[in-house]
Amino acid sequence: YEKYVQDSADKRAMDSKSIEAKESAKADAEAALGQAELDKKSKVQESYATAMILKDLHLECDWLLSNFEMRKEARVGEIDSLKKAKAILSGADFA
């Protein structure tokens with residue numbers, strides 16, 4: 001009987017240590033999970049912000065490409081007008 005009681009006490013002690021170790025491991029895992037969730041959230045927000053920047057740049061680039069010829073013609077017209085204005089101010093008569 002005494003051996004049985006001693007064996008039971010030893011088993012309870014081992015079980016208690018095992019439970020403590022498992023609870024500690026669980027707490028560590030829960031802390032790691034919480035940190036991973038925070039990291040994921042920040043990475044998702046960062047990824048979304050980057051995607052928005054890329055979208056805006058893409059739209060701006062598309063606009064520049066689609067209006068390039070029109071802007072080029074407008075610049076040529078402005079240069080021509082400035083040359084004529086300079087000539088008039090220098091004393092040229094276009095009338």
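A residue counts as buried when its relative accessible area is under 20%, as exposed when that area is over 50%, and as partly exposed in between. Keep those cut-offs in mind for this tour of a predicted model.

**Stop 1: the whole chain**

Show the protein as a cartoon and turn it slowly. You will find two helices and zero strands. The radius of gyration is 39 Å, well over the 12 Å that the globule rule gives for 95 residues, so the protein is more spread out than a compact globule. Along the principal axes, the C-alpha atoms fill a box of roughly 130 × 25 × 10 Å.

How much of the protein is made up of buried residues? They account for 1% of the 95 residues.

**Stop 2: the start of the chain**

Select Tyr1, Tyr4 and Val5. Together they make a nonpolar surface patch of about 430 Å². Zoom in on Val5, which belongs to helix α1, residues 2-66. Its relative accessible area is 37%, so Val5 is partly exposed.

**Stop 3: salt bridges in helix α1**

A search of the whole structure finds four salt bridges. Why are Lys3 and Asp7 separated by about one helical turn? The reason is that they sit four residues apart in helix α1. Lys3 counts as exposed because its relative accessibility is 61%, while Asp7, at 39%, counts as partly exposed.

Next, select Lys11 and Asp15. This pair also forms a salt bridge, with 3.1 Å between the closest N and O atoms. Lys11 and Asp15 are four residues apart in helix α1, so about one helical turn separates them. Is Lys11 buried, exposed or partly exposed? With a relative accessible area of 49%, Lys11 is partly exposed, since the exposed class needs over 50%. Asp15 is partly exposed too, at 34% relative accessibility.

**Stop 4: helix α2**

Move along to residues 68-89 and colour them as a group. This is helix α2, with 22 residues. At 1.5 Å a residue it should span 32 Å, and its end C-alpha atoms are 31 Å apart, which agrees. Try the distance tool on those two end atoms to see this for yourself.

Inside this helix, select Asp80 and Lys84. They form a salt bridge whose closest N and O atoms are 3.6 Å apart. Because Asp80 and Lys84 are four residues apart in helix α2, they are separated by about one helical turn. Asp80 is partly exposed, with a relative accessible area of 39%, and Lys84 also counts as partly exposed, at 44%.

Then click on Ser81, another residue of helix α2. Its relative accessibility is 45%, so Ser81 counts as partly exposed.

**Stop 5**

How far apart are Ser81 and Gln6 in space, C-alpha to C-alpha? The distance is 108 Å, and in sequence they are 75 residues apart.

**Last stop: after helix α2**

Finally, select Gly91. This glycine follows helix α2, and its phi is positive, near 110°.

Definitions and conventions: Residues numbered from 1 in each chain as written. Predicted model: local features only at pLDDT ≥ 70, side-chain atom pairs only at ≥ 80, totals over all residues. Heavy atoms only, no water. Expected span 1.5 Å × (residues − 1). Patch = residues over 30% accessible without salt bridge, like charges linked within 9 Å, V, L, I, M, F, W, Y side chains within 5 Å. Areas by Shrake-Rupley, 256 points an atom, 1.4 Å probe, with all protein chains shown as cover. Salt bridge = Lys/Arg side-chain N within 4 Å of Asp/Glu carboxyl O. Buried < 20%, exposed > 50% of the residue type's maximum accessible area, 1.4 Å probe, protein only. Rg over C-alpha atoms; globule rule 2.2 N^0.38 Å.
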